[in-house]
2 protein chains.
Amino acid sequence: MAAASGSGSAGSGPRTARNILFIMCDQLRWDYLGHAGHPYLDTPTIDALAARGVAFERAFVQAPVCGGSRMCFYTGRYGTTHGSHYNNFPLRVDEWMLGDYLRPLGVRTVLSGKTHFQPDIDTIKRLGIDPESEMGRHLRQGGFEIHEWDDGLHPDPSLNREQPYLVYLRELGYDSENPWHDFANSAEGPDGEVLSGWHMRYARLPARVKEEHSETPYMTNKCMELIDELGETPWCIHLSYIKPHWPYVAPAPYHALYDNAQVLPPNRTDAERDDPHPVMAAFMKHGESACFAEDECRETVIPTYMGLIRQIDDHLGRLMTFLEERGRLDDTMIVFTSDHGDYLGDHWLGEKDLFHEEIVRVPMIIVDPSADADATRGTRSSALVESIDLIPTFIDRLGGDIPTHRLEGRSLMPWLRGEQPDAWRDTVFCDGDFSVRTARWELELEPVEARGFMARTERYKYVEFIKHPPQLFDLENDPHELHDLGRDPAYAAVRADMHERLFRWFRGRRLRTTRSEAFLDKATGGAPRRGIHFGVW
Amino acid sequence: MAAASGSGSAGSGPRTARNILFIMCDQLRWDYLGHAGHPYLDTPTIDALAARGVAFERAFVQAPVCGGSRMCFYTGRYGTTHGSHYNNFPLRVDEWMLGDYLRPLGVRTVLSGKTHFQPDIDTIKRLGIDPESEMGRHLRQGGFEIHEWDDGLHPDPSLNREQPYLVYLRELGYDSENPWHDFANSAEGPDGEVLSGWHMRYARLPARVKEEHSETPYMTNKCMELIDELGETPWCIHLSYIKPHWPYVAPAPYHALYDNAQVLPPNRTDAERDDPHPVMAAFMKHGESACFAEDECRETVIPTYMGLIRQIDDHLGRLMTFLEERGRLDDTMIVFTSDHGDYLGDHWLGEKDLFHEEIVRVPMIIVDPSADADATRGTRSSALVESIDLIPTFIDRLGGDIPTHRLEGRSLMPWLRGEQPDAWRDTVFCDGDFSVRTARWELELEPVEARGFMARTERYKYVEFIKHPPQLFDLENDPHELHDLGRDPAYAAVRADMHERLFRWFRGRRLRTTRSEAFLDKATGGAPRRGIHFGVW
């Protein structure tokens with residue numbers, strides 16, 4: 001853990017975290033932040049969080065897509081364990097969620113924003129659970145209490161006529177069946193015509209909505225409203241922004257804060273395109289990859305992507321002031337992270353779903369105001385950290401026991417206290433499912449075969465596919481992952497080692513969820529206690 | 001598939017299976033049957049089943065213990081998938097059971113006997129499901145309708161005062177708080193004292209119960225009563241005997257049908273004991289292994305074990321006559337199998353929990369009266385078959401679709417029709433959990449580390465442990481598994497191949513249970529249909 005510029009302690013008064021503000025951005029890359037080294041993008045608020053806490057610089061999500069990644073964050077388990085690998089794969093009803101772990105600790109877990117949680121309605125009904133009952137709602141809401149649930153995309157307003165953000169815009173006079181699309185996520189042509197934000201060519205134009213009515217300030221306001229509502233009850237608020245996720249449309253002035261000259265060159269080589277791995281080749285044929293292969297697309301979209309990030313930073317600044325005024329900075333652990341990144345044309349790809357650092361590595365800043373975390377303020381950690389570590393961290397911070405027969409991550413509290421945990425992991429894992437992407441057709445795969453599995457150590461990244469050769473990158477000599485060693489005979493031993501790491505990972509999944517370690521420890525050798533005698537002469 | 005002595009067709013009349021009689025014995029080894037080659041044990045009824053159907057001679061269970069194995073039979077999934085690896089690990093509430101698959105096909109799935117099913121009561125309550133509601137009962141009963149549920153062991157009668165078999169015995173005048181123990185599973189000393197069947201030394205004495213009141217005829221009668229009750233409604237009856245499972249006590253005359261001279265020599269070598277694999281060594285220290293290491297124990301217990309099997313065969317004979325009289329032989333598929341075997345001193349071990357053929361290989365006879373199965377009557381199949389194949393077989397036989405995103409086995413119907421299925425498996429798998437056995441202490445393992453994983457091909461058997469070396473047997477040159485090649489350098493390549501088979505097995509577990517293959521096939525590339533456009537310029 002290397003010391004970085006820090007700003008000292010979190011203020012006066014009793015400093016013990018009893019609340020958790022769990023902030024997530026959507027599709028925010030790890031490297032599009034000031035303190036992470038972006039040369040043009042200023043993010044003073046987020047950088048200030050890093051200065052007050054620990055910036056985990058090697059934090060990885062467990063799935064390269066919103067839904068799959070979030071289900072890992074919210075269950076503390078890998079996608080290969082919970083089975084909800086991709087968007088809209090319903091989570092099994094008996095999976096314990098963040099809220100299920102925190103409720104027994106006296107903490108209310110409330111949502112402001114996006115989760116992408118999909119309940120398993122078929123099973124809820126099959127089990128005879130009334131979806132409108134308290135438990136039915138709990139299961140439908142992914143274990144969160146809902147202050148506001150907004151999954152961000154509203155292409156068909158008839159599906160969510162009462163979605164509060166749409167109602168809000170309409171009440172403000174944004175006159176449309178779908179003001180989310182027609183105002184917040186569209187621009188305007190010279191004759192007042194709506195230019196849909198679904199078309200990336202319009203990304204440099206301002207949204208048709210006033211900045212203060214756009215999605216990021218709206219959800220920030222909701223969070224502040226919620227904090228006041230909750231008062232002195234201990235809480236975990238999940239403030240979950242849809243941005244900088246597409247549609248890539250920013251309101252003024254954020255649409256114009258950055259320009260072409262501030263767009264970093266793409267991370268790609270001709271060789272990557274000319275002799276691609278077959279799975280990469282199939283993904284390069286997707287529309288988003290073809291678009292981002294063009295400089296015009298990158299130069300149009302990326303400045304707006306940066307503007308959307310800066311907008312989040314500004315509103316987080318408002319939120320920090322608000323917390324300070326309420327005295328909440330001293331009793332609130334703040335986590336800032338993202339569900340995955342965005343290719344933006346790197347490696348000739350757009351969107352996500354695969355395993356380059358641009359996608360699977362995310363920001364992860366934790367500010368713990370507690371006195372026992374003073375030792376690490378303003379430091380950066382290079383520990384290999386996973387999204388599934390957050391639930392154990394929260395439980396640990398709040399004094400609970402971590403049920404290791406279900407939770408697959410580990411508490412980060414030792415790192416926050418400046419301690420070296422025992423035998424910390426040397427490999428992080430991520431698994432993807434591209435069964436509903438058209439690349440599957442191109443690759444002639446059955447849905448069950450459209451999977452990818454990543455193991456990443458400090459030095460190597462290895463990705464296995466079911467019907468195709470693996471990828472291997474030497475991150476020490478090739479930190480930008482431009483030279484795939486997946487078929488290089490010289491690296492057979494490295495691949496075998498990484499393959500073995502995947503083996504142990506598969507073998508170790510926590511699927512025996514109905515019996516705890518402690519229970520089994522007590523039950524060992526217990527048959528005679530139950531009157532059952534075998535092997536007795 | 002080699003032809004064997006067969007007895008022709010299943011009779012006259014319309015021959016189409018619409019009922020399923022799914023018979024299971026408990027702890028019956030594959031090789032303790034006449035047609036399987038036992039030189040002294042006659043099992044004419046079971047042999048006649050083999051002559052009327054197909055005897056799968058390489059059938060394997062997916063866990064080497066009752067509860068774990070049965071949960072695989074009843075879910076059609078491996079233990080590593082469903083997580084209920086061992087006795088009394090509750091099964092997750094959203095697992096689909098045999099009855100859930102057959103009900104939509106208009107078939108009632110009813111239990112007569114043992115399941116060892118343990119409901120996840122904590123989750124049932126947590127989800128707000130009333131355990132006394134219809135769904136609560138369904139979940140508590142493992143998806144079976146209950147004609148009679150008797151898990152066989154009743155050491156503490158206060159736990160099941162109303163258990164029908166105990167009531168039945170009391171009503172017959174067997175005067176005891178626990179007539180199951182004091183009469184059905186105990187013998188009598190010269191002065192009328194109760195000699196508990198928990199003590200193997202008494203195994204050669206007759207039970208204190210009349211033969212017709214012992215457990216096997218009782219459950220057979222229950223099954224016949226049930227068949228009459230169900231009338232013309234299509235049914236799947238699970239007739240599940242507790243015997244020949246311990247306590248090793250048989251009623252007269254079965255206690256004395258066989259004698260010492262008919263006890264086969266143990267399958268073991270001095271070398272196995274002198275230089276054991278560490279996991280084997282730990283299990284050899286268990287009481288049951290120490291007992292069965294003595295000739296006196298084997299010679300006392302094994303004749304009674306054989307008698308209990310012969311008793312089952314005789315009552316199955318009664319049941320077949322009953323079915324014939326009712327005309328049910330022509331419309332009932334009959335399956336005869338077992339949940340696992342019994343070491344009986346082989347390899348210096350007693351009981352089960354490990355992976356030798358004595359444990360994981362089971363009888364599996366399927367008699368399909370349907371005309372399309374005539375081609376295979378009386379044949380033996382050497383196909384590698386698993387317990388999880390039964391549910392797909394039943395669904396297939398009854399005309400349903402097999403949901404491959406949940407079910408991990410394959411239909412055996414092609415084999416029954418004399419067809420060669422596409423790309424049949426070349427490896428069977430079994431996984432065990434010995435976290436509650438004292439061997440775990442001896443081996444200094446945490447509960448989560450007390451696992452074993454078997455892959456078996458036609459030629460090799462390979463067993464991996466988490467903290468100990470693997471076992472490897474060359475079944476062609478060492479069919480009795482006496483020479484462990486797990487640490488022999490000459491077999492490194494074989495072990496690597498078997499390890500890779502385990503890798504693919506772990507990777508392939510069906511955990512994405514909430515989205516079917518068909519759903520994903522239709523959903524592929526479907527974002528634009530939902531109004532979501534990305535990658536559009």
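Which residues of helix H18(A) are buried? Select H18, residues 492-507 of chain A, and let's find out. A:Val494, A:Arg495, A:Met498, A:His499, A:Leu502, A:Phe503, A:Trp505, A:Phe506 and A:Arg507 are buried (under 20% relative accessible area, with a 1.4 Å probe and protein chains only). Helices here are DSSP runs of H or I with at least four residues, strands are runs of E with at least two, and both are numbered from the N terminus.

A word on what you are viewing: this is a predicted model, where local features need pLDDT of at least 70, side-chain atom pairs count only at pLDDT 80 or more, and totals for chains, interfaces and linings use all residues. Residues are numbered from 1 along each chain as its sequence is written, chains are lettered from A and ligands numbered from 1 in the order written, and side-chain values use heavy atoms, without hydrogens and water.

Next, show chains A and B together. Here 77 residues of chain A are in contact with 77 residues of chain B (heavy atoms within 4.5 Å). Ten salt bridges are counted between the two chains (a side-chain nitrogen of Lys or Arg within 4 Å of a carboxyl oxygen of Asp or Glu). To see one, zoom in on A:Arg126 and B:Asp100, which meet at 3.0 Å, N to O. H18(A) gives the most to the side of chain A that touches chain B, with six residues.

Last stop: select strand S4, residues 59-60 of chain A, which pairs with S11(A) in the antiparallel sense over two bridges (pairing takes at least two DSSP bridges). Look for A:Phe60, opposite A:Arg361 in S11(A).

Terms used
The expected span of a helix is 1.5 Å times one less than its number of residues. Buried means under 20% relative accessible area, exposed over 50%, partly exposed in between (1.4 Å probe, protein chains only).
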